[in-house]
Every structure is written in C-alpha cells, then in structure tokens.
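Thanks, everyone; I would like to walk through a few local features and then one interface, giving the cut-offs as the terms come up.

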Amino acid sequence: MRNAPRTALKLGSVAAAAALLLTACSSSDGGDSGASGDAITDEQREEALNTPTELTFWTWVPDIQNEVDLFEEAYPAISVTVENVGQGAEHYQKLRSALEAGQGAPDVAQMEYQYISSFVLSEALLDLEPYGADEISGDFVEWAWNQVSPGDETWGIPQDVGPMGNLYREDILAEAGIDEAPATWDDYADAAQAVKDETGSYISNVGATQAGQMIGFMWQAGAKPFGYDGAETVSINVNGTEAKQVADYWTELIQADLISTDVDFNDEWYQGLANGKYAGWLTAAWGPIFLQGTAESTSGLWRAAPLPQWSAGEQVSGNWGGSSDAVLATSENPIAAYELAKFINHDEESALRLATEQFLFPPQLSVLEDPAFAGQQLEFYGGQEVNALFAEISETVDTDFEWLPFMDFVYSSYEETVGTVIAAKGDISAALDEWQTELTEYAEAQGFTVE
Amino acid sequence: MSHAPALDDERPTAAAPQKRRVSANQRKLNRAAYLFITPFFVIFVAMLIVPLGYAGYLSLFESRLIGGETFAGFANYVRALQDPDFLASIGRMALFFVVQVPIMLGLALFFALALDSGRARGSKGARLLIFMPYAVPAVVATLMWGYLYGPDFGPIAQIARSVGFGTPDFLSPENILGSMMNIVTWEFVGYNMIILYAALRAIPSELYEAAEIDGAGQFRTAWSVKIPAIRSAILLTVIFSIIGTFQLFNEPSLLNTIAPDAITNSFTPNYYAYNLAFINQELNYAAAIAFLLGLVIAIVSYVVQLNEQRRARKERSGA
C-alpha cells in the first residue's frame with residue numbers, strides 16, 4: 001500500500017534480487033531474467049515457497065487449473081484452490097462483499113484493468129513493487145504494464161489484453177466491390193454505403209449499450225476521458241474533442257442506417273454474425289476465437305485487419321477488455337500469492353498455454369514473439385495469421401489510458417445516457433454531454449475532487 | 001391458552017378448588033405451544049426483523065467512496081422523495097398495477113368460474129395447464145419470453161412478418177412495459193386462479209340450490225352468488241398482486257440483458273434499489289429506498305383493504 005512499512009520495502013528489495021535466481025530455476029529455459037550469478041538467496045521468499053501454504057484464487061478463466069497445476073508442480077509446498085465466483089460484475093460484487101465482511105476474500109483475484117483503481121481506492125490491493133514486480137515489467141507490452149502500474153505502484157500482473165482490430169466478411173465486402181479492408185474511417189463510411197447498397201448487410205454493428213467498444217474507439221482517437229491520481233482527484237472528460245469526433249462519426253452512420261445498433265452478446269446478435277446481417281465486427285484481439293465459435297457456418301469467409309484510421313498512414317489502435325491477476329492486501333501469504341500471480345502470467349509455459357489453449361490474447365512479449373503463437377494459421381480466417389496481426393496492432397495501442405475508480409457506475413450510466421440514445425438513433429455527442437454531467441455529479445457526491 | 005374447552009369440560013366441578021392444578025396443566029400446554037412456535041420466531045427474528053432493523057439503521061447513514069460513513073439522519077429519505085428516478089419507478093409500477101392487475105385477475109376469475117361451472121370438458125387438464133406457467137421459474141420464463149419477443153428470430157416477429165404486419169418491436173423502450181405485463185400475466189394467472197377456484201369450491205351448495213329455486217341461471221349465479229361469496233379471496237389476490245407488482249425484480253433484471261436500452265436502472269423500485277446498492281455502491285441510500293418502497297406497499301394494501309371493508313359494511317347496513 002501507499003504507506004507500506006519500511007521493513008516491507010527492505011524485505012522487498014531483497015526479495016526482488018532473489019526473484020532473478022528463482023525464475024531462473026523455475027522457468028524451463030532461463031528466459032528473460034536468466035544470468036546474474038550474484039543474486040542473493042532471499043530467505044523470506046525461499047521460506048514462503050517451501051512452507052506448506054494454501055492459497056485461494058478467484059478467476060473465471062476457463063481451465064486455468066492447467067496453469068495452476070504447473071505452479072503447484074514447481075512449488076509443491078503450495079496448494080492453490082481455484083474458485084470461479086462469477087464473471088465480470090458478479091465477481092467484483094462478491095469480492096467487495098468479502099472485503100467488506102473482512103473474511104472470505106481470496107489471496108489472488110482476476111481483475112480487469114478498468115476495475116483496478118476502484119479496488120486501489122478501497123486499499124484492497126497489494127502493491128507488488130516490493131515483491132519484485134518491476135523486475136518483470138519489461139517482459140510485457142508497455143501499455144499493458146501501464147494499465148497495472150499507472151504510477152509508482154504495481155497492482156497486478158497483466159494476463160490478457162484486447163487491442164482492437166477489424167474482423168470482416170471478405171465475401172460480402174467483395175460483393176460490394178471492396179477488395180481491401182478500409183484503411184481510414186472515411187473509407188469505412190464509403191464502404192458501409194456500398195455494402196448496404198449492394199448486399200443489404202450492415203458493415204458492422206455498434207452495440208447500443210456496449211461502453212467497452214465505444215471507449216475503445218475513443219482510446220484509438222486519442223481521447224483521455226478518465227483520469228485518477230490514486231487518491232481523491234479524478235478527471236472526467238468524456239465529451240472532449242476527440243470523443244465527440246468519434247461520437248459524430250457514428251451518429252452519422254447510424255442515422256443513415258449504415259450501421260446497426262443491436263445490443264451485442266445476445267442470441268439475436270450471435271445469429272446476426274452468423275447469417276451475414278453484419279458484414280463485420282470491430283472488436284478486440286479476443287474476438288477472432290470468440291467469433292469462430294459463434295459463427296461456425298461462415299468459416300473461411302472472415303478476414304482480420306487493423307482498425308480504420310483517423311488519418312491515412314497512421315497506425316493507432318485502442319483496447320477493449322483484458323485482465324490482470326492482483327494480490328489482495330488481506331492475503332496472509334503475500335509472497336506466495338505474488339508468486340502465483342506472477343507464475344501464471346509470466347512463466348513461459350504457463351503464459352503460452354494461456355494464449356494457445358485458452359486463447360487469451362497475450363501481453364507477454366515472449367509469447368507474442370513465439371512462432372507457436374504468432375504463426376498459428378486460422379482456418380476460419382482463410383488461413384490468415386491472425387495472432388501475428390494482432391501482435392502488431394498491440395504495439396500501436398496508445399500507452400496512457402486511465403480509468404475512474406467507479407467503473408461500475410460509469411458503465412451503468414453509459415447505458416442510461418448514451419446507450420438509449422444510440423438505440424434510438426439520436427445524437428451521440430449530446431448524449432456524451434449528459435453522460436459527463438452524470439459522472440461529474442456522481443463523483444462529487446462521492447467526495448472526489450473533479451478536475 | 002384461553003381456548004382449551006375440552007379440558008374445562010372434563011372437569012367442570014373441579015374448577016375452583018383445583019385452579020392451581022389446572023393452571024399448572026395449562027402452563028405445561030402453554031409451554032408446549034410456545035415451544036412449537038419458537039422455531040418460527042427464531043427464524044423470523046433472525047432472518048427478517050434483524051436484517052430489517054439493520055437496513056433501517058443503515059438508511060440513516062451516508063457513505064461516500066471518499067470520506068467514509070457519516071450519520072445523515074433522514075437525508076436519504078428526503079433525497080429519495082425528491083429523486084425523479086425513484087418517483088418515476090413508483091409511478092411506472094402504479095401504471096402497471098392499474099393496467100395489468102385487473103386483466104390478470106379478470107382472467108383468473110373467468111377461468112376459475114369456468115372450471116367451477118363443471119361445464120368445461122377436461123377441466124382437470126385445463127386447470128393444470130393454466131397453472132403450469134406459475135411452476136416455471138420466473139428466470140426461465142423471462143428468458144423464454146425474451147426469445148419469443150426477439151425482433152429478428154423470435155417466432156412472433158417471424159409470423160407477423162410472413163403475414164405482412166411488419167416486425168413488432170416488443171423490446172423497444174415504448175413497448176417494454178406492455179411486454180412485461182404480458183409475461184407477468186402469463187406467469188400468475190394460474191396462481192390466482194387456483195386461489196379463487198379453491199374459494200369457489202368452499203361455497204356451501206345450499207346457496208346454489210336456493211339460487212336455482214329462485215330461477216337464477218349460470219351467469220346470474222356466478223354474478224350474484226359466487227363472486228360475492230369469494231370476495232375475501234379476491235381481495236387476497238389483489239393484495240398479493242399489489243405486493244408482487246411493486247416488488248417486480250426478476251423480469252426487469254433479466255430483460256435488461258436482452259434490452260438494456262429499454263430497461264433503465266430505475267425501471268422498478270426494487271431493481272433501482274439493487275442497482276444503487278451494487279452498481280453505484282450507495283448501500284445506505286438503497287436501504288432508504290427499500291424502506292420507502294415497503295411503506296408504499298403497506299399504504300396501498302391498507303387503502304385497498306379499508307375500501308373493501310367500508311363497502312362491505314355499507315352493503316350490510318343497506319341490506
């Protein structure tokens with residue numbers, strides 16, 4: 001925590017040094033932090049990892065037991081119980097309840113990037129710096145690391161990310177006379193018109209209430225809608241110039257009936273993807289595999305491309321989704337808990353398996369460069385190396401993007417103010433103003449200083 | 001207990017001199033009675049009174065993300081009474097109540113009378129079929145209706161399109177309340193029907209015979225004998241419906257995943273309280289809303305009951 005006792009810091013610096021040695025032992029081929037013969041054996045860490053310990057790990061990643069098994073193999077003294085208490089909102093509610101109740105909270109918990117600050121606010125997360133987190137920061141893509149470490153502290157280890165790209169039906173676009181994915185947003189608007197005229201399909205769907213997607217677009221456009229100093233000051237600017245540029249763009253396409261605004265992730269929408277109602281999906285790096293399961297019948301017809309750009313020749317993207325593993329401040333075994341969070345997402349074998357078996361899009365450089373991952377040719381995308389493409393996109397994500405410490409409210413308020421307007425094909429820019437007002441009022445009522 | 005007549009009858013003569021013994025016996029009986037109702041009261045107090053008291057206590061505080069908890073007196077209640085979202089949700093439920101409950105209870109009464117008349121063939125099977133939706137969990141029912149309402153692939157929309165009526169949008173912000181009324185009606189018609197049907201079965205048959213002698217037909221009997229005779233059962237279903245309506249939660253919460261643009265966070269008071277507590281993290285305010293909601297339900301139920309009593313009294317004195 002911010003006022004961590006000095007002993008912990010001292011302990012931490014020793015621990016950090018020892019991390020070098022331990023990773024060298026544990027990871028199969030030494031990896032990034034190999035070498036360094038001068039590393040000092042840290043008694044605390046050694047002791048913690050050799051003392052029989054029980055850890056609880058809350059996550060909704062399917063089959064993560066496989067990676068946990070690797071950890072337990074490497075550190076037989078530690079046994080980990082994996083619990084899935086629900087996905088997304090439910091997970092955080094239970095976590096808050098457990099923290100509030102003062103018991104029952106896990107040692108390690110999955111934490112989406114946008115929720116980190118709300119748990120930092122309630123001082124529920126352990127700062128991982130003293131445990132050696134900075135040693136591994138260089139092994140992750142920079143912007144992902146910024147998400148878990150916006151300041152001097154590090155609150156989690158990145159697990160997966162969602163740099164955004166464009167998945168589209170090559171056949172439908174070809175039918176409309178378009179041979180290449182639109183490079184700019186202007187091209188995209190023209191293509192939308194052609195697709196609608198020639199085939200009757202929508203070039204893509206903007207989920208009316210899908211804040212994640214819209215925020216991703218804003219992220220790409222360089223907007224900085226949120227900011228949090230880690231204490232009591234927030235900045236809210238969801239109706240800035242860049243955000244409104246994005247809003248106006250979509251308002252125009254939606255009002256011309258070139259983009260549908262169906263609510264996403266429900267049956268109607270799944271079928272829309274499968275039957276060609278939508279000729280594309282502007283989504284994140286977790287999208288390709290997801291789509292493959294959803295629209296099986298259209299296998300081979302899809303292609304992946306970067307997001308259209310605001311100015312020709314640029315390469316910028318935003319992010320939508322992804323999570324980290326954080327250690328709770330209430331954990332009685334913080335060293336072992338940190339090692340678990342680190343191992344799952346940093347050990348080469350574990351990280352590679354997360355990427356190739358659970359299809360989490362990796363923030364780990366080692367995996368991104370691994371041919372076993374990047375070279376995967378997906379049948380569904382006509383044999384395209386989709387992972388390699390998104391690995392490239394990942395490097396173009398704007399590095400500084402912050403969140404507010406009350407994202408539950410931000411999303412729910414988005415649904416109320418912006419979502420309803422998108423669904424009614426109204427003026428999204430005006431809705432952003434209203435969203436801004438609601439967020440500001442809430443933040444002030446909650447005692448924050450709003451910049 | 002005061003009413004143990006059997007005991008008194010057995011020993012009528014011993015009443016005065018053996019008072020001690022009887023009351024000792026009585027005490028034993030009393031103890032047994034208390035013992036039997038203890039489990040109920042333990043659970044009642046632990047699961048209802050204590051949480052209720054705690055919620056009431058919480059509602060007097062204000063908790064902020066920055067600055068923590070402070071005593072706020074009745075500030076949360078004052079805020080709720082001025083909260084347009086809360087008032088709108090109460091208004092929405094009042095509309096729901098005024099439109100949906102008469103339809104639902106009318107249907108339930110109609111079915112109950114039809115079954116009771118003994119004229120309908122296969123009445124046992126019909127009774128079961130009408131009651132069945134109540135046995136379907138509300139969660140499943142809402143998901144099922146969500147599919148039926150679907151604008152692209154829902155069967156209703158497909159049929160409407162094939163006969164040239166265009167696509168009805170059951171899930172639009174304007175129509176969602178009606179769609180929800182339909183779900184709730186479907187769910188609870190059978191339940192109310194069973195209550196009314198049971199009451200109808202309890203009417204002594206002499207009344208029917210008298211009516212028949214007076215020359216009343218089926219409809220006249222239903223109107224003048226059956227319905228007045230089950231008035232208290234009808235009142236019961238009305239009270240249940242008031243409580244059910246103002247506490248609607250499952251339906252909006254599930255339809256929200258299908259039509260988040262139509263279901264606002266404050267669609268129903270209960271759903272609003274939930275969102276305040278778990279999304280806005282305003283637990284204290286949510287507690288105040290929940291208390292006010294309870295108050296509204298109590299008042300509406302009381303007014304309905306009072307009205308009915310007054311009418312019954314007037315009728316009695318008039319006759």
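This is a predicted model: local features need pLDDT of at least 70, side-chain atom pairs count only at pLDDT 80 or more; totals for chains, interfaces and linings use all residues.

A:Thr233 stands opposite A:Thr449, which belongs to strand S10 of chain A. The setting is a pairing between S10(A) and strand S6 of chain A (residues 233–236), parallel in sense and made over two bridges, where strands are said to pair if DSSP finds at least two bridges between them. Residues are numbered from 1 along each chain as its sequence is written, and chains are lettered from A and ligands numbered from 1 in the order in which they are written.

The sheet in question is open, has three strands in the order S5-S6-S10 of chain A, and shows mixed pairing. Strand S5 (226–228) and strand S10 (449–450) of chain A are at its edges with a single partner strand each, so one side of each has no neighbour in the sheet. The element names come from DSSP runs, helices being H or I of at least four residues and strands E of at least two, numbered from the N terminus.

Across S6 and S10 of chain A lies helix H20 of chain A (residues 428–445), running at about 170° to S6(A); axes here are lines fitted to C-alpha atoms, for helices over the stretch in contact, with angles from 0 to 180 degrees between N-to-C directions. H20(A) also meets helix H11 of chain A (residues 241–255), the two axes coming within 8 Å and crossing at roughly 140°. That makes H11(A) oblique to H20(A), since angles under 35 degrees count as roughly parallel, over 145 as roughly antiparallel, 65 to 115 as roughly perpendicular and the rest as oblique. On the H20(A) side the residues are A:Ile428, A:Ser429 and A:Leu432, and those they meet in H11(A) include A:Trp250 and A:Asp248.

Finally, which elements of chain A give two or more residues to the side that touches chain B? In total, 24 residues of chain A are in contact with 21 of chain B, contact meaning C-beta atoms, placed from the backbone, within 7 Å. The elements are helix H12 (267–274) and helix H19 (407–423) of chain A, and H19(A) gives the most, with eight residues.

How values were computed
Two residues are in contact if their C-beta atoms, placed from the backbone, lie within 7 Å.
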